[in-house]
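Hi everyone, thanks for coming. Let's take a short walk through one structure together, so please have a look at it on the screen.

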Amino acid sequence: MSLNMFLQHLANGLSLGGLYALIAIGYTMIYGVLRLINFAHGDVFMMGAYIAFYGVAIFSLPWYASFILSIVLSAILGMIVERVAYRPLRDVPRISALISTIGVSLLLENVGVVVFGGRPKAFPRPPLFNQEWNLGGVRVLSLTFFIIMASLALLIAVFYLVYRTKMGRAMRAVAWDFETAKLMGININQVISFTFAMGSALAAAGAIMWSMKYPQLLPLMGVIPGLKCFIAAVIGGIGSIPGAVLGGFLLGIGEIMVVAFLPELANFKYAFAFLALILILLLKPRGLLGKEMGEKA
Amino acid sequence: MTVLKVNRLSKHFGGLIAVSDFNIEIDEGELVALIGPNGAGKTTIFNMITGLYKPTEGKIYFDGKDITGMRPDKIAALGIARTFQNIRLFPELSVLDNVKVGYHLHLRSSPFAAALGLPSYGREEEQITRESLQLLEAVGLAYAAYEQAGGLPYGLQRKLEIARALATKPRLLLLDEPAAGMNPGEIHELMDFILRIMEDFDLTVFLIEHQMRLVMGMCPRILVLDHGITIAEGSPEEIQNDPRVIEAYLGTEEE
Amino acid sequence: MLMKKRDKRVLTAISLLALFLLLWWAEGHLDPYIRRILNLIAINIIWAVTFNLIYGYTGQFSLGHGGFIAIGAYVTALLTLSPAQKEQNFFLLPCAWPLNSVQWPFVPSLIMATLLAGVFGILIGIPSLQLHGDYMALVTLAFNEVIRVINMNLQSITNGSLGLKGIPAYTNLLWSYGCAILTIFIVWKLGNSSYGRAFKAIREDEVAAETIGISAFYHKLMAFTIAAMFAGLGGGLYANLVSTIDPNLFSFLLSYQVVTIVVLGGVGSITGSVLASILYVSLFELLRPIDQPITLGIGVTIPGRPGMRMVIFSVIFLLVILFYRRGLMGTNEFSWEWLLLKVQPIKRMMLWGIRRGKETNDGSKGE
């Protein structure tokens, strides 16, 4: 394959990786503070996409307003879900909380089917993102470029928030040691709500960009990306934000490259992520960048 | 004959040396105590003997067989049973079931026989029930056989844990602070109890204890551990008068 | 013990006999729609009760049940379809040898489905059971999906996304309930045996269980494999009930369904799993109308949207998880004694009523 094609694939891989990273961060942050795999994260992703869609299609908002609205509303949705379905189960065996996330996931999906209908909807792709650009001889969709830029910008924002602000410090403290953080006067509920808000906002941002890339909206659209992004987070080391980023990019680039170099396996690319997960869990369960996290009991 | 032999046993957790160069030889029928201040590494030694931790260095021999680093269930099958410092019963199971499950490792019937309810399994189950009830009688818990184990008072939970250990038909019994939380009357009862089961069940006992009353009053041989190092070994009189022991405890003697 | 063992056995035997006579009659007389629901109930009972073995008894949370069900379903489908039917189905790519020329009767196919599902149970169990809690849930989910994707793509073996149609409808009430009763019997017996105690010990405290000589891994694998086998059996019965299968029927959503039923019924209770299966499948069918608009005579229409059913189920599920975590039965089981205890007060009251009636009638005291 020519260098040109390779670069094109790389660009695609980076943009997909960026999206995966954004969503994976949400999973990893929630796991970090609550030690909980939020199976419903992928469905918040789905809701974000639909909200953005309806903003434009029904309420005729300009796309940038609709996108921002979606991010805000998704953040709120995330906080509501935590408050209603996870907080009451904070002191019970984790498996019950896990089952609750499955319940929320099912609920969101089924509500989606009822409210949005099972037929696919076409997500708008504003002309700005629909142009074909020639960057140094490589032809890419402007969208790809923008996704990479936006992902990077959001990732930088996340890192700043987590490592340079007071709230970020509080989040890291809660993730490190729940009980001690409480004793230090940190308002745990506030931190956890914020974590969910942030994770959901990122998921919505990712969903919007995803939907511009793959414009077909379906109520179950969040399931596969959700699972893949969780896998990305685990591969990178669950609980570690750099890990989620690494995992996301590895998975995104890997997926594109595998199909590019071995087109016969295209149908199996979905299974690829799962096989990678199985391998990582068996060989290095803490993930690539995983750290020893204090086990509760 | 030597039941347990431990050579140069050490355990490092990263940079922390929990146990260093621990050696012991216990003969059949002996009653040996391991004492020392909190955090001295006593439970770590038990955990290594029973296979819960892998030793960093050293070897453990049971009845002449090298059991270093073996899986805990295999070690139990060979004949070493233990109790835990913070009692680890099966709280949702009944008292009787807790003991019955101790017999599981001796089960001869296959899962098929059990699943299909074959008479051969039925006979084994009856035998297990009989022996378990006998064991409960021996420890005085038969009256509570069908109560939930988690609901028993602390002192009785201890006894149940010992009964469960006895169900595995061990040769060597490791007791980790069996007298924890007991008053002097209960300690006295426990002392008699241990001596009795040693005789009735042909046991060798190695115990960790903090309560001096029990140790001094009953164990002919005592080892003292401090910061992972054995600082003294001998009879109760020798230990009581050993300046190093006194210093290690420095007035922290429980009473 | 309030009742003699022999009495209990007699009661059980009589009930079973009655049940089978009922099923025999039902098979010949009931509406096919109702029969289908009854069959589905039996199949779900098989799935739920055996999932309880892994989760309720042994405490391992697996989300991979759908995968084993798929294996069972495809095995019986491929074995019971005639070569001619296979040719019809496999129009995109011909069916691979030797499958294309075999046709087995029902029972051997079911047995094969059970065995093969069991083999996969061992293969998947060995890596999965090395993990705990959330990780195990995740890896079993991954295997479930991997199986689904493989099924979607093995065109010459499973016919891929086209699925298989025209599977002979061998499953009837006697088979499905026969298997369900067998499953309940085996899980019940095993659960109350020394192995059952070992499973529960692992659930309660894995480390302590190891210390008394129970190999946690071996026993977990045992429970997992048995559950996989019966999941496959249920899958086989399912394929020969619905006659049309495709890989998407057996996604993680099916695993979620099994989990839902077990949680609703009470984790660790076989009776709960049975009751919840009945409730779930019945309710699922009963609520079918709300997926369509309902017109009440006076011109009022209750709007129905497809998917409302599942929304209601999801809400119920969440409510149970949040407020009634113990489910319907908690960890309790049905027993003849329990029934007796419920019946006795009523019996006593009736006798008392009769005695009082006699007293007031002829003025004499007592009996």
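Let's start in chain B, where six strands form an open sheet with mixed pairing, in the order β6-β7-β8-β3-β9-β10. Before we go on, this is a predicted model, so to speak: local features need pLDDT of at least 70, side-chain atom pairs count only at pLDDT 80 or more, and totals for chains, interfaces and linings use all residues. Residues are numbered from 1 along each chain as its sequence is written, while chains are lettered from A and ligands numbered from 1 in the order in which they are written.

A few words on terms. Strands (E, at least two residues) and helices (H or I, at least four) are DSSP runs, numbered from the N terminus. Two strands pair if DSSP finds at least two bridges between them.

Angles run from 0 to 180 degrees between N-to-C directions, with axes as lines fitted to C-alpha atoms, for helices over the stretch in contact.

β6(B) pairs with β7 (172–176) of chain B in the parallel sense, over three bridges. Within this pair, B:Arg82 stands opposite B:Leu174 in β7(B). Packed on the sheet is helix α1 (42–49) of chain B, which touches β3, β6, β7, β8 and β9 of chain B. The direction of α1 makes about 150° with that of β7(B). Contact here means C-beta atoms, placed from the backbone, within 7 Å.

Now to chain A. Where is A:Arg87? It lies in the loop between α3 (63–86) and α4 of chain A.

Next, the contacts with chain C. Chain A gives 30 residues and chain C gives 32 residues to theirs. On the chain A side, α4(A) has the largest share, 15 residues. That side divides into 23 nonpolar, six polar and one charged. Nonpolar means Ala, Val, Leu, Ile, Met, Phe, Trp, Tyr, Cys and Pro; charged means Asp, Glu, Lys and Arg; the others, Gly among them, are polar.

Chain B meets chain C too, with 29 residues of chain B in contact with 21 residues of chain C.

Definitions and conventions:
Two residues are in contact if their C-beta atoms, placed from the backbone, lie within 7 Å.
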